[in-house]
Amino acid sequence: MDRVMMLASERAVVIFTTSNCSMCDVVTSLLRNLGVNGSVHDLDRDPRGREMERELSRRLGGRRGTPTMPAVFVGGNLVGGTSRVMELHLAGELVPMLRSAGALWL
C-alpha cells in the first residue's frame, strides 16, 4: 500500500485503472471534461500492479467478481470508484472537492 499512497500523493487527482475497464475510461473522461489534469496509473502496465489492485480492492470493499477499478484519489484521499465519483458529481459535490484539492482553479 505504500506504493499506492506514494503515487496517490503525486498530484491533486490520481486514478488507478486497468486497460480493459470501460468504467475507468468513463471516469477519466469525466474528470478531463471537468478540466482536471490527473495522473492515470494503468495497473496492467505496472510490475506491481496486481499487488496494488488487490490492496485497492480491499480498501474499496470489493467482493469476488465485483469490479473495483477505477480507484480515484483526490487530495491524496481515496474517494472511491465509479459509483462514488458519479454520485458526487450528480450531487454537485465533485467540483468543490476538486477545487479544494487544487485540481481546478475556476
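Me: Which residues does a disulfide join here?

Reply: In general, a disulfide is a covalent bond between the sulfur atoms of two cysteines. In this predicted model, Cys 21 is joined to Cys 24, with an S to S distance of 2.5 Å. The count comes to 1 disulfide.

Me: What is the handedness of the link between Cys 21 and Cys 24?

Reply: The link is right-handed, with 85° about the S-S bond.

Me: Are Cys 21 and Cys 24 buried or exposed?

Reply: A residue counts as buried under 20% relative accessible area. Cys 21 is buried because its relative accessibility is 11%, and Cys 24 is buried as well, at 1%.

Me: Let us turn to the sheet. In what order do the strands lie?

Reply: The 4 strands form an open sheet in the order S2-S1-S3-S4, with mixed pairing. Strand S2 (39-42) and strand S4 (77-80) are the edge strands, each of them pairing on one side only. On average, and with direction ignored, neighbouring strands of this sheet are turned by 25° against each other.

Me: In which sense do S1 and S2 pair?

Reply: Their pairing is parallel and extends over 4 bridges. Within it, Thr 17 has Asp 42 in S2 as its bridge partner.

Me: Which strands does helix H2 lie across?

Reply: Helix H2 (residues 22-33) lies across S1, S2 and S3, and its direction is at about 160° to S1. The angle is taken between N-to-C directions and runs from 0 to 180 degrees.

Me: How is a pair of aromatic rings to be read, and which residues form one here?

Reply: A pair of aromatic rings is described by the distance of the centres and the angle of the planes. The count here comes to 1 aromatic pair. Phe 16 and Phe 73 form this pair, with 5.7 Å centre to centre and 75° between the planes, an edge-to-face arrangement. The pair links distant parts of the chain, since Phe 16 belongs to strand S1 and Phe 73 to strand S3, 57 residues apart.

Me: How many salt bridges does the structure hold?

Reply: There are 6 salt bridges in the structure. One of them is formed by Arg 3 and Asp 46, whose closest N and O atoms are 2.9 Å apart. This pair links distant parts of the chain: Arg 3 is in helix H1 and Asp 46 in the loop between S2 and H3, 43 residues apart. Arg 3 is partly exposed, at 25% relative accessible area, whereas Asp 46 counts as buried, at 15%.

Me: With which residue does Glu 55 form a salt bridge?

Reply: The general idea concerns helix geometry. An α-helix has 3.6 residues a turn, so residues three or four places apart point the same way. In this case, Glu 55 forms a salt bridge with Arg 58, and the closest N and O atoms are 2.4 Å apart. Because they are 3 residues apart in helix H3, Glu 55 and Arg 58 are separated by about one helical turn. Glu 55 is buried, with a relative accessible area of 18%, while Arg 58 is exposed, at 56%.

Me: Which residues of helix H3 are buried, and what covers them?

Reply: The buried residues of helix H3 (residues 49-59) are Gly 49, Met 52, Glu 55, Leu 56 and Ser 57. Their cover includes helix H1 (2-8), strand S1 (13-17) and strand S3 (71-74). Just after H3, Gly 61 adopts a positive phi of about 75°.

Me: One residue remains. Where does Thr 82 lie, and which residues does Thr 82 touch?

Reply: Thr 82 lies in helix H4 (residues 82-90). Thr 82 is buried, with a relative accessible area of 15%. Leaving aside residues up to four places away in sequence, Thr 82 touches Met 23, Val 27, Met 69 and Pro 70.

Technical notes:
Residues are numbered from 1 along each chain as its sequence is written. This is a predicted model: local features need pLDDT of at least 70, side-chain atom pairs count only at pLDDT 80 or more; totals for chains, interfaces and linings use all residues. Side-chain values use heavy atoms; hydrogens and water are left out. A disulfide is a pair of cysteine sulfur atoms within 2.5 Å. Buried means under 20% relative accessible area, exposed over 50%, partly exposed in between (1.4 Å probe, protein chains only). Helices (H or I, at least four residues) and strands (E, at least two) are DSSP runs, numbered from the N terminus. Contact means heavy atoms within 4.5 Å. Two strands pair if DSSP finds at least two bridges between them. A salt bridge is a side-chain nitrogen of Lys or Arg within 4 Å of a carboxyl oxygen of Asp or Glu. Rings of Phe, Tyr and Trp (its six-membered ring) pair if their centres lie within 6.5 Å; planes under 30 degrees apart count as stacked, over 60 as edge-to-face and the rest as tilted.
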